[in-house]
Amino acid sequence: MTMSQEQQTLLQQKITFHGAGAMAEAIVRGLISRLVVRPQDITMLNRSNQKRQEELSTRYAVHTGTASQSLELLSASPVIVLAMKPKDAAGALRELGPLLSPDQLIVSVIAGLSIRTMQTLLGRKQPIARSMPNTSSTIGLGATGLAFSAEITDEQRSTVMTMFEAVGIVTIVPEEKLEVLTGISGSGPAYVYYLMEAMIAAGIRGGLSSQQSRDLTVQTVLGAARMVQQTGAEPMKLRSDVTSPGGATQAALKTLDEGDFFENVIAAVNRCAERSREMGAALEGDLR
Ligand SMILES: NC(=O)C1=CN([C@@H]2O[C@H](COP(=O)(O)OP(=O)(O)OC[C@H]3O[C@@H](n4cnc5c(N)ncnc54)[C@H](OP(=O)(O)O)[C@@H]3O)[C@@H](O)[C@H]2O)C=CC1
Ligand SMILES: O=C(O)[C@@H]1CCC=N1
């Protein structure tokens, strides 16, 4: 099921972000700017970075604190978003488990970390939504994959859907598909930025100003994505529309293919999925 958000529902629930880095900020910015959650209902906790807390509280008027100061707060929050790096997750979940009541919802954005591992680390069958969002949530153009644990209630499911639909499109998948989804949409923005970096560099090397090169690249990527979205045409058809036989585009694509561009992108997506599985397996290994 893929949906775009059209109507916004105000979630009148307190949400605590356990981890206050790039991904947590992307979601919070989206939620606040789309009026889905009031800033006073959001708390963002990190481990120790005081400057970051001040920055977030000034920027978004949310509550902040460090995890150790706020165990009480976590224990009272109906929704807890786990948003630390995978390496920090095991310790945080072990600490969190004994504080929770059975109806508290955990929403994880952590790559690779399975629902089963989370429940084992928590030491209880907590309702869990495992998500894979991306940083474009910041501007409401995120793409999020979701999988749910069996314990989740309809109301909790709808809370999670509302949260992520507020910041982009949402698709529900069987949990084992979240890895390949990470390879496409979770990490995907980085591939596109890398392509853009290369295009901008090429323009500058060819004598355009950096501003010209940047503006042209941004508009080109934006226009190409919109063309696929708005015309409904296949990318292959749109590519062919640009490519005159024997012309300049064909020569450029041939150069990309000499570097096995198409298969390399697929290999990168597969490696990303595999790395997510490795991170998940390492966390599972921490259980022993
Ligand atoms: N960035 C992305 O594009 C995406 C990231 N993700 C996932 O999001 C998660 C976070 O990534 P990202 O935001 O990039 O990471 P960041 O490094 O930007 O942020 C991590 C945050 O976690 C905090 N933290 C670490 N340990 C604890 C703890 N024990 N209790 C509370 N907070 C803690 C850090 O606090 P402090 O700074 O004080 O140490 C920091 O605020 C990852 O698991 C990643 O897999 C998912 C999709 C996309
Ligand atoms: O690089 C990572 O591991 C995370 C997963 C998706 C985007 N960033």
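This briefing walks through the two ligands of a predicted model and the spaces around them.

Both ligand 1 and ligand 2 sit in the second largest pocket. The model is predicted, so to speak, with these limits: local features need pLDDT of at least 70, side-chain atom pairs count only at pLDDT 80 or more, and totals for chains, interfaces and linings use all residues. Residues are numbered from 1 along each chain as its sequence is written, chains are lettered from A and ligands numbered from 1 in the order in which they are written, and side-chain values use heavy atoms, with hydrogens and water left out.

**Ligand 1 and its contacts**

- Around ligand 1 there are 24 residues, and the closest are Ala-20, Met-23, Ser-48, Asn-49 and Met-84 (a residue is near a molecule if one of its heavy atoms lies within 4 Å of it).
- A polar backbone atom of Ala-111 lies 3.0 Å from an oxygen atom of ligand 1.
- In the side chain of Arg-47, an N or O atom is 3.0 Å from an oxygen atom of ligand 1.
- Ligand 1 exposes 910 Å² when taken alone, and the protein buries 80% of that (areas come from the Shrake-Rupley method with a 1.4 Å probe).
- Helix 1 (22–33), strand 3 (42–46) and helix 4 (86–96) are the elements that give two or more residues to this shell, and helix 4 gives the most, with three residues (helices, H or I of at least four residues, and strands, E of at least two, are DSSP runs numbered from the N terminus).
- The shell around ligand 1 has 14 nonpolar, seven polar and three charged residues (Ala, Val, Leu, Ile, Met, Phe, Trp, Tyr, Cys and Pro count as nonpolar, Asp, Glu, Lys and Arg as charged, and the others, Gly among them, as polar).

**Ligand 2**

- Ala-111, Thr-182, Gly-186, Ser-187 and Met-279 surround ligand 2.
- Taken alone, ligand 2 exposes 250 Å², of which the protein buries 50%.
- By class, the shell around ligand 2 holds two nonpolar and three polar residues, and no charged ones.

**The second largest pocket**

- This pocket has a volume of about 920 Å³ (on a 1 Å grid over the protein atoms alone, a pocket is an open set with protein on both sides within 12 Å along at least five of seven lines, and lining residues have an atom within 4 Å of a point; a volume is the space filled by probe spheres set on the points).
- A molecule sits in a pocket if more than half of its atoms lie within 2 Å of its grid points.
- Of the 35 lining residues, Gly-21, Ala-83, Met-84, Lys-85 and Pro-86 lie nearest the centre of the pocket.
- Helix 4 supplies the largest share of the lining, five residues.
- Among the elements that each supply at least two lining residues are helix 7 (178–186) and helix 12 (261–285).

**The cavity**

- One cavity of 30 Å³ or more is found in the whole structure (a cavity is a set of points where a 1.4 Å probe fits but cannot get out).
- Lining residues of the largest cavity include Ala-111, Arg-130, Leu-178 and Thr-182.
- Strand 7 (128–132) and helix 7 each supply at least two residues of that lining, with strand 7 giving the largest share, three residues.

Methods: Polar contact = N/O pair within 3.5 Å; in protein donor to acceptor, adjacent residues only side chain to side chain.
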